[in-house]
Amino acid sequence: MKRTIRPAKTLSGGVEPPGDKSISHRYAMLAALAEGASELRHFAAAADCRSTLDCMKALGAEVKLDKGAARVTGHGLRGLKSTRRALDAGNSGTTMRLLTGILAGQAFTSQLTGDASLQKRPMKRVVGPLREMGADIRAREDNFAPLEIRGGRLHAIQFQMPMASAQVKSAVLLAGLFAEGETSVTEPARTRDHTEIALEEFGAPVEKHGKTIRVRGIGGNNGSLSLQPRSLDIPGDLSSAVFFIAAASILPDSNLLIHNVGLNPTRTAILDVFASMGASLQMLSVRSAHGEIVGDLAVKGASLKGGVIEGQQIPLVIDELPMLAALGPYTELGIEIRDAAELRVKESDRIAALAENLRRMGATVEERPDGLRVEGRHAGTLRGAEIEPHADHRIAMAFAVAALGASGATVIRDADCAGVSYPTFFDDLERVAER
Ligand code: S3P
């Protein structure tokens with residue numbers, strides 16, 4: 001389905017993004033391993049998180065979705081059952097990588113697959129350390145889904161993670177729950193810590209020292225470990241809120257309130273980037289919820305400076321880079337992204353998709369192996385164009401925002417792909433856009 005986005009004058013009113021995708025995946029998986037019924041309120045409406053719920057249901061948990069809440073009943077850490085059919089992670093890298101960690105510790109064999117995009121994304125990064133723990137995992141070309149995971153007894157490892165990836169860290173920690181001994185993961189740079197927080201919330205003791213996280217498993221003589229069902233509120237997804245922060249920032253006189261947004265410090269680097277570029281952002285009613293931090297964000301129109309995003313910042317803003325790049329033409333100095341080759345193996349090759357669509361709108365772009373440079377305002381204003389998102393939700397949403405400040409209408413092809421993280425995105429955007 002195509003969506004047409006007409007230029008807007010300003011953004012005003014209030015909006016509430018869907019529940020956080022990363023947290024929803026983790027709560028769904030841990031609830032399915034807990035002993036009893038959990039209630040997960042404001043569960044992400046994202047198709048990706050439906051994939052996780054469907055997988056956990058196929059593995060024997062009871063799952064019900066009711067008015068935005070997921071009720072998940074688990075049967076304990078030893079309670080999962082084998083499935084006849086392959087488990088389907090859809091478009092979701094988080095589902096596939098985290099679940100591989102859990103399945104590695106089960107006393108049965110599972111097949112795990114995904115859509116065409118997910119079948120092209122590298123899985124060796126989780127298969128490698130899980131094999132070190134004793135798992136037997138087969139992959140196409142030893143790197144890609146479909147995966148066959150022959151679960152069994154695992155032993156703890158001390159894993160020095162070669163890349164800054166929350167998904168890899170989480171896969172190893174979740175496998176560590178089933179291993180004999182104490183598993184540790186040391187990350188080269190900070191990544192989102194929702195797994196650590198969620199494990200503690202469900203009652204699995206986790207130790208953190210600097211960049212090392214430790215968890216003890218149920219293998220060997222630690223049979224007393226069990227996860228407790230929980231009743232939890234999921235904060236709104238900051239990575240979804242960012243599209244509204246960007247849109248309000250580039251449209252003069254905007255005045256937008258974004259309600260109930262997750263403000264975990266391992267996610268808020270994007271707010272620092274916006275602030276350093278001169279955005280007008282205020283955090284209001286900051287509160288804590290189950291180890292996570294939540295608040296409202298007030299955003300006003302501003303003149304953005306632009307700048308360079310690189311190095312250790314990259315893993316902390318990885319999902320927001322498409323939006324930042326698409327903002328480049330609205331900034332004074334342009335936007336330059338370095339050290340982000342990882343963007344090439346996301347839901348699409350995001351560097352190529354950004355360069356292609358920015359050029360369609362008339363921007364000046366230099367594409368590089370590990371990033372891109374997008375010229376700022378001096379290179380001219382954007383014009384409406386037809387956008388090809390390459391089935392990537394964040395590309396579709398980033399260009400819908402860029403379209404608001406362009407001259408002439410923009411058509412987003414296959415706009416439904418936004419539903420992977422934010423099914424009501426286009427309606428929410430239309431509601432707050434004034435023309
Ligand atoms: C995620 C981690 C990030 C991010 C993804 C969600 C998670 O991936 O891009 O959208 O929930 O752990 P990497 O860990 O591969 O960087």
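The largest nonpolar core has 78 residues. A nonpolar core is a set of buried Ala, Val, Leu, Ile, Met, Phe, Trp, Tyr and Cys residues joined through side-chain atoms within 4.5 Å. Buried means under 20% relative accessible area, exposed over 50%, and partly exposed in between (1.4 Å probe, protein chains only). This is a predicted model: local features need pLDDT of at least 70, side-chain atom pairs count only at pLDDT 80 or more, and totals for chains, interfaces and linings use all residues. Residues are numbered from 1 along each chain as its sequence is written, and side-chain values use heavy atoms, leaving out hydrogens and water.

**Cores**
- Ile258, Phe274, Leu321, Phe399 and Phe425 have the most contacts inside the largest core.
- A second, separate core of 72 residues includes Leu98, Leu118, Val172 and Leu227.

**Helix 13**
- Helices (H or I, at least four residues) and strands (E, at least two) are DSSP runs, numbered from the N terminus.
- Helix 13 covers residues 425–432, and its buried residues include Phe425, Leu429 and Val432.
- The buried residues of helix 13 fall within an arc of 160° (directions from the helix axis to the C-beta atoms), so they line one face of the helix.

**Salt bridges**
- The whole structure holds 38 salt bridges (a side-chain nitrogen of Lys or Arg within 4 Å of a carboxyl oxygen of Asp or Glu).
- Glu39 and Arg71 form one of them, at 2.7 Å, N to O.
- Glu39 lies in strand 3 and Arg71 in strand 5, so this pair ties together parts 32 residues apart in sequence.
- Arg71 is partly exposed, at 34% relative accessible area.
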